[in-house]
Amino acid sequence: MQDTMRTEIKKRIAPERIPGVYRDTGAGIYLRLMTREDTDRIVAWRNSDAVRKNFIYQALFTRESHENWIRTHVETGDAVQMIICDLANDKPLGSVYIRDIDRHHNKAEYGIFIGEADARGRGVGTAAAKLMLRYCFEEEQLHRVYLRALSENGQAVRSYEKAGFRREGLLRDDVCIEGDYRDIVWMAAVNSGNDQENEE
């Protein structure tokens, strides 16, 4: 049963299809499916201070924990993770993913991190978010994609808004990080069949 599910996932999101469709020539990026060969790079990115400080879960990553994520989430169809790549030279810049895919309610949680310092501050995150939302709505047929962000990360919140996410609420003192309670901004994009709703 699990092998059949994995085969179906691979058929739905064939790697050769991703770069051709999910690209943004203006931002100079495209998305491709993550592979096991990306593991060391992802672990290094996630453990860098610039990335880790913006995550709710801030424990250090290991190769083992990432391989467990692949086995228990990606291969089971609970998550889809992609690598953001530079169109000019195929250089990996960061990663974008959806997790906790709910097929009954057709929703999932969104996440992103830009791993390469020279890719930050030039619109890569916003462009990647737009591409991933297209993928979620077109390929996964999701109705709703939501995210959580630390409220003090104003740059990320503005980027999400540009990509089509809308603020839905503020969760006060929702998480405790290094002994401090922090507020969380809850945001979502809904596939209403009208692109203007998410772009306004």
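Which loop holds Asp90?

1. Asp90 sits in the loop that joins strand S3 (80-86) and strand S4 (92-102). Bear in mind that this is a predicted model. The phi of Asp90 is near 65°. That is a positive value in a residue other than glycine.

2. The class of partly exposed runs between the buried limit of 20% and the exposed limit of 50%.

3. Asp173 also deserves a look. Its phi is positive, about 50°, although Asp173 is not a glycine. Asp173 belongs to strand S7 (residues 166-177). Its relative accessibility is 45%, so Asp173 counts as partly exposed.

4. Now the helix pair. Helix H6 (residues 124-138) and helix H7 (residues 154-163) have axes that come within 8 Å. The axes cross at roughly 45°. Angles of 65 to 115 degrees would count as roughly perpendicular and those under 35 as roughly parallel; H6 and H7 are therefore oblique to each other. Their crossing is right-handed.

5. Which residues make the contact? On the H6 side they are Gly125, Thr126, Ala129, Lys130 and Leu133. H7 supplies Ser159, Lys162 and Ala163.

Conventions
Residues numbered from 1 in each chain as written. Predicted model: local features only at pLDDT ≥ 70, side-chain atom pairs only at ≥ 80, totals over all residues. Heavy atoms only, no water. Axes fitted to C-alpha atoms, helices over the stretch in contact; angles between N-to-C directions. Helix = DSSP H or I, 4+ residues; strand = E, 2+ residues; numbered from the N terminus. Parallel < 35°, antiparallel > 145°, perpendicular 65-115°, else oblique. Left-handed = near helix turned anticlockwise from the far one by under 90°. Contact = heavy atoms within 4.5 Å. Buried < 20%, exposed > 50% of the residue type's maximum accessible area, 1.4 Å probe, protein only.
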